[in-house]
Structures are given as C-alpha cells and as structure tokens.
Amino acid sequence: MTSLSNNLVASKDRNPDRIALRCDDLEFTYAELHSAASRVATLLEQAGIEPGDRVGVMLPNTPAFAIAYYGIMYRGAVAVPMNPLLKAREVAFYLSNSGAKALFATPAFADEASAGADETGSQCWIVDDAGLMDLIADLPAQESPVERGPDDLAVILHTSGTTGKPKGAMLTHGNLGRNADVSVRTLVETGPDDVVMGCLPLFHVFGLTCGLNGAVLAGATLTLIPRFDPRKALEVIERDAVTVFEGVPTMY
C-alpha cells in the first residue's frame with residue numbers, strides 16, 4: 001500500500017510527541033495531527049464521500065489545511081487544493097471541473113466559497129483552525145487509512161490558466177510519494193530533527209510536495225505562515241530555529 005496517509009501513520013508511530021505543525025502559538029504533535037486527520041476522514045464518510053471522490057481544500061497555510069488534506073488522504077478520497085482568494089465563478093469552475101462533492105473553505109472568503117459551492121451542489125464547510133477542530137471534536141477516528149495503490153489518484157492540482165482555462169493535473173499516490181521521497185532523501189536531506197519553513201502556498205505543488213508531504217514523510221516540523229511576508233518569515237526562522245527554507249526567487 002502506497003497511500004500518502006501511510007507516511008503520517010509511520011511518523012506518528014515513530015515519534016508521536018514530536019511537533020508536526022506549528023503556526024505561531026498553535027502546535028500539533030504527530031499523534032494529534034494523525035488523530036485529527038482520522039476524524040476528518042470520519043466526517044467525510046458521514047457526508048457520503050467515498051474513496052476516489054474529490055474534495056476541495058480552499059484554505060490558507062494553517063494547520064487546518066494539513067488536517068483536511070491528510071483527512072482526505074485517510075478517507076482514500078482525492079484532494080483538490082485551491083487558492084483561498086478565488087472568486088465564486090472560479091470556485092464553481094474548480095469544483096465542477098474536478099467533480100468535487102465537498103469543499104473546506106476559509107471564513108475570510110466564505111461568501112465566494114459558498115456561492116461557488118452552491119452553484120455546483122457541493123457541500124461546503126467554512127472552517128478555520130478552531131472551527132475544524134470543533135467540527136470533528138465528537139467524531140470517532142476512522143480506524144485505519146483506506147488502502148490506495150500507486151496508480152490511484154491522490155490530488156488534482158490546477159494549472160495557472162495563463163493561456164486558457166486552468167487544467168486539472170491528475171497526480172497519483174505513487175507520483176506524489178516518489179516526489180516527496182526524492183525531495184526528502186536526496187534534494188533536501190530532511191530528517192526528523194529539521195524544522196521546515198512552510199511559507200510556500202500549500203495549494204501549489206512546490207509547497208505541497210517539498211513542504212507538507214516532505215515534512216510528514218521525514219517526521220520533521222512544518223512551521224506555517226498563512227501568507228508570505230519577509231519580516232514575518234525572518235522572525236519565524238529565528239523563533240523556531242528553522243533549518244530548511246524553501247522558496248521561489250522572489251522570496252529570496
């Protein structure tokens with residue numbers, strides 16, 4: 001079994017008390033991240049989301065994104081990461097183009113997300129970090145991840161659409177798993193003692209693969225910034241003793 005959720009299970013089993021996610025004062029250990037993701041999987045099951053169904057994630061770089069994303073992986077569903085700044089017509093396009101049945105969206109852009117979800121008939125959960133934890137607080141954990149193979153779809157990431165409508169790139173568990181493995185073991189050489197700066201958008205492939213998936217695979221800490229700001233980044237680098245910074249040229 002090659003499901004990306006297995007990387008979370010393995011890191012939880014190795015180091016349950018290690019900090020997996022940090023966003024200022026908010027922290028989740030690997031045990032807590034695993035527990036939250038497995039309860040999101042139960043939420044999805046109760047909402048009628050079956051393995052292979054698509055679920056949108058329209059959240060900023062906060063723990064809620066990682067919890068929702070790995071909950072989708074745990075359920076064996078397909079994540080559709082989306083820019084939180086999308087307008088209603090764009091939300092509707094992303095959801096309809098991917099066939100998404102549900103959407104996790106940030107309260108900061110609730111009106112646009114809800115309008116787009118209503119147009120496509122998708123269920124929409126408006127949540128921030130606290131809201132997501134409240135939503136799943138009384139739910140039981142899904143007992144184990146749904147088994148998915150290397151050729152099973154894991155994520156649909158849309159292109160920028162600069163020459164036309166965005167196209168949904170279909171990425172498998174094997175594809176994303178190998179990408180994270182190469183990033184962790186040969187490109188960055190990330191280990192469990194590393195602290196990775198999570199300032200790249202998690203709805204883009206760089207931040208998702210080398211940031212979130214890579215950190216979880218390595219059992220490292222991912223410290224998140226909801227939106228990149230140079231001064232904030234420098235403060236977090238010093239505060240959290242960041243050892244791995246991943247960015248695009250403009251950030252540097």
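Reply: The structure is a predicted model, in which local features need a pLDDT of at least 70 and side-chain atom pairs count only at pLDDT 80 or more, whereas totals for chains, interfaces and linings use all residues. Residues are numbered from 1 along each chain as its sequence is written, and side-chain values use heavy atoms, with hydrogens and water left out.

The largest pocket holds about 330 Å³ of space. A pocket here is an open set of points on a 1 Å grid over the protein atoms alone, with protein on both sides within 12 Å along at least five of seven lines; a cavity is a set of points where a 1.4 Å probe fits but cannot get out, and lining residues have an atom within 4 Å of a point. Volume is the space filled by probe spheres set on the points, which are joined across faces, edges and corners. Sixteen residues line the largest pocket, and those nearest its centre are Asn83, Leu85, Phe203, Pro226 and Arg227. By class, this lining comprises 12 nonpolar residues, three polar and one charged (Ala, Val, Leu, Ile, Met, Phe, Trp, Tyr, Cys and Pro are nonpolar, Asp, Glu, Lys and Arg charged, and the others, Gly among them, polar).

The second largest pocket has a volume of about 180 Å³. Its lining consists of 13 residues, with Asn83, Tyr94, His158, Phe203 and His204 closest to the centre. Helix 4 (88-98) and strand 7 (153-158) each contribute at least two residues to the lining of the second largest pocket; helices (H or I, at least four residues) and strands (E, at least two) are DSSP runs numbered from the N terminus. In the second largest pocket, seven lining residues are nonpolar, five are polar and one is charged.

The model also has one cavity of 30 Å³ or more, and the largest cavity contains about 30 Å³ of space. Met197, Gly198, Cys199, Leu200, Leu202, Gly207, Gly211, Leu212, Leu222 and Glu246 form its lining. At least two lining residues come from each of strand 9 (195-198) and helix 8, and helix 8 gives the most, with three residues. The lining of the largest cavity divides into six nonpolar, three polar and one charged residues.

Helix 8 spans residues 205-218 and includes Phe206. Phe206 counts as partly exposed because its relative accessibility is 32% (buried means under 20% relative accessible area, exposed over 50%, and partly exposed in between, with a 1.4 Å probe and protein chains only).

Charged pairs form a further topic. Side chains of opposite charge can pair when their charged atoms come close. The whole structure contains 10 salt bridges, each a side-chain nitrogen of Lys or Arg within 4 Å of a carboxyl oxygen of Asp or Glu. One of them joins Arg239 to Asp24, with the closest N and O atoms 2.9 Å apart. Arg239 is in helix 9, whereas Asp24 is in the loop between strand 1 (19-23) and strand 2 (26-29), so this pair ties together parts 215 residues apart in sequence. Arg239 is partly exposed at 41% relative accessibility, and Asp24 is partly exposed at 34%. Arg239 also forms a salt bridge with Asp240, at 2.8 Å between the closest N and O atoms, and Asp240 is buried at 9% relative accessibility. These residues belong to a network of salt bridges that links Arg22, Asp24, Glu27, Lys232, Arg239 and Asp240.

Another salt bridge joins Arg75 and Glu50, at 3.4 Å from N to O. Arg75 lies in helix 3 (residues 63-75) and Glu50 in the loop between helix 2 (30-46) and strand 3 (54-58), so the pair connects parts 25 residues apart in sequence. Arg75 is buried, with a relative accessible area of 7%, whereas Glu50 is partly exposed at 43%.

Two loop residues deserve a separate mention. Most residues other than glycine have a negative phi. Glu189, not a glycine, has a positive phi of about 60 degrees; Glu189 is in the loop between helix 7 (173-187) and strand 9, and is exposed, with a relative accessible area of 60%. Ala241, also not a glycine, has a positive phi of about 55 degrees, and is in the loop between helix 9 (230-239) and strand 11 (244-245).
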